[in-house]
Amino acid sequence: MPKMNNRIKSKTQSKRVFGLRIAENVLQLSVATQGSDGVYELEIDQVFNRGEAGWFQEEGAQQLREGLVELASKWEMRHQSVAVSLDGHFCVTRVAMGPSDRVDEETRSLNGRIQRYLSLGPGEKITGYARETLNPEVDYSVTAVGNRVLIQEIYQALRYADMSVTWVEPSLVSLARLVERGGMGDQQPILLADCSGDQWDIGIAYQGRLLLDYRPVAARSVEGLRNVLLGHVSRLRRFCDRHREVAAGNLEQLLVCGAPQMVSEAIATFRGQDELEVSVMQIPELPSLYRLNTQQTQDNKIAAVAAVLPLIDDAAEPLIADLLSQVRRDSDLSISAMVLRLLAPILVAAAILLPMWALVAKKRNALQDMNTMTQNVESQLDEAQVRMGQLMQNRALTNHLKQIDWMTQETPWHVLLNQITRCLPDSAKINELRWLSGNEILIDGALHDETMVFDIIGYLRRLPLIEEVALQSTSGDGSDGQIRFEIKIRTRMLNDTTPHSESPHA
């Protein structure tokens, strides 16, 4: 250990940056130290959670702080630049790509759904957003979504360890960037699968950008990953063609990384099928940019290298959707700077208020003259209030009669049920359709594709007879891979809609 400390201290004079990957129960740190030739030397370290639960379960938050302090002390990270990437367990990523107006529409629609992302836990959700123009006809935007409480805990833990955080972004975004830097995914899209946590994170990468963040509930095992990908590979290819303007039929390669045992099982499980060419994701060799000990190139550490890549590679020009944009606070200041910051508003306020004091005194005298006029106006207002009181009584009676008329009207159920039926795909199975109250309906059904639940919700919201649609829950429905869902619908009153209007299409 003394030799290690001496080796670390000998490099403190060189430029050093850090990439930190936070998975459910492990911290992976990539240390990049620039040599005299401009090439970075990469060293990878990791700290595991000592308990069975993750960092944000029970006592995990305190263990996260201790783990970060341990890394900061070992590698002298105080006030050094740290780029953080989060496992898909803690955040989700949504991508919009196409003409500018379509990207604007998809972004507005996403903002309306973010607070209902049940997989991120209860409470307020926050976003990180980035956008760029690929060509005059195509814009690309990426939105990262996380739970505010969780992101604040991560930020406070990093601040507690005196780390200077540059950004916090989803891990799949950084992995897609690293894959392209290694010369892959430039001509055709590539499937990425990461199993650093308790579930596979699936994404599609193309030209260094993430096209899709896909985290199906069924992909909690290697067999579940195989069933999900082979069962939906045709649909994913159509997605690349229609929504991302990438030629169909080229989604043929799958790269896996994460826990070594899970990666080995995945390679063995996919062997013998023809739909996808499966291989282990490797850290690309970029000798002009960095050097890495061959003993540290295991597939479970590639995410840490991906996290630090934008800090050492100027050519990458990363598109960062920073989740800290809504929770970040200023860096620590010296005592003199803090005192100056506190006194500056007082001095400015005094300079402004003193000249105003004389003006206030003058205005006060003018107000005294206006008091007499105010009394006359008040007497006139009293008389007007008497007349208004009678008018309000008549209006209250009118509103009461209108309310009675409004409450006694009946929703055209046959029209509504017809519209709901047209919003459901042929593959949907309805287990129960239950009236909860006078204008609330609960739909209990099942699908093979979880993403189609949100399509159904989007169709239902367009119906003129429906005022509100809310997803109550989604869950696995057994070994057949179906996703069970519950959607709650609240209808409008008759006079708020056109009774016989129909949905354009479903």
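Because the model is predicted, local features are reported only at a pLDDT of at least 70 and side-chain atom pairs only at pLDDT 80 or more, whereas totals for chains, interfaces and linings use all residues. Residues are numbered from 1 along each chain as its sequence is written, and side-chain values use heavy atoms, with hydrogens and water left out.

The mean pLDDT (the predictor's confidence in each residue, from 0 to 100) of the protein chain is 82, and 87% of the residues reach 70 or more. Secondary structure elements are DSSP runs numbered from the N terminus, with helices (H or I) of at least four residues and strands (E) of at least two. Confidence is lowest in helix α1 (residues 2-9), with a mean of 40, and highest in strand β1 (residues 16-22), with 93. Two stretches have pLDDT under 50 throughout: residues 1-12, for which the model has ten contacts (heavy atoms within 4.5 Å) beyond four places in sequence, and residues 496-506, for which there are 26 such contacts.

An open sheet of six strands is arranged in the order β8-β4-β1-β2-β3-β14, with mixed pairing; two strands are taken to pair if DSSP finds at least two bridges between them.

Helix α4 lies across β1, β4 (81-86) and β8, and runs at about 150 degrees to β4. Angles run from 0 to 180 degrees between N-to-C directions, and axes are lines fitted to C-alpha atoms, for helices over the stretch in contact. Helix α8 (residues 302-312) lies across β1, β2, β3, β4, β8 and β14, at about 140 degrees to β1.

A second open sheet comprises five strands in the order β11-β10-β9-β12-β13, again with mixed pairing. Its edge strands, β11 (209-214) and β13 (277-280), each pair on one side only. From one strand to the next, the twist averages 25 degrees. Strand β10 (residues 201-206) runs antiparallel to β11 and is joined to it by five bridges, I204 having L212 in β11 as its bridge partner.

Further hairpins are found elsewhere in the chain. Strand β6 (residues 125-135) pairs with strand β7 (residues 138-147) in the antiparallel sense over ten bridges, and the two form a hairpin with two residues between them; the bridge partner of E132 is Y140 in β7. Strand β15 (residues 429-437) and strand β16 (residues 440-447) run antiparallel and are joined by seven bridges, with W435 opposite I441 in β16. Two residues lie between β15 and β16 in their hairpin.

Two packed helices are described by the angle between their axes and the distance between the axes. The axes of helix α2 (residues 60-75) and helix α4 (residues 148-160) come within 8 Å and cross at roughly 35 degrees. The crossing of α2 with α4 is right-handed (the near helix is turned clockwise from the far one by less than a right angle; left-handed if anticlockwise). From α2, A61, L64, R65, L68 and V69 meet E153, Q156, A157, L158 and Y160 of α4. By class, this contact has seven nonpolar, one polar and two charged residues, where Ala, Val, Leu, Ile, Met, Phe, Trp, Tyr, Cys and Pro count as nonpolar, Asp, Glu, Lys and Arg as charged, and the others, Gly among them, as polar.

The whole structure contains 20 salt bridges (a side-chain nitrogen of Lys or Arg within 4 Å of a carboxyl oxygen of Asp or Glu). One of them joins E106 to R102, with the closest N and O atoms 3.8 Å apart. Because E106 and R102 are four residues apart in helix α3 (residues 100-113), about one helical turn separates them.
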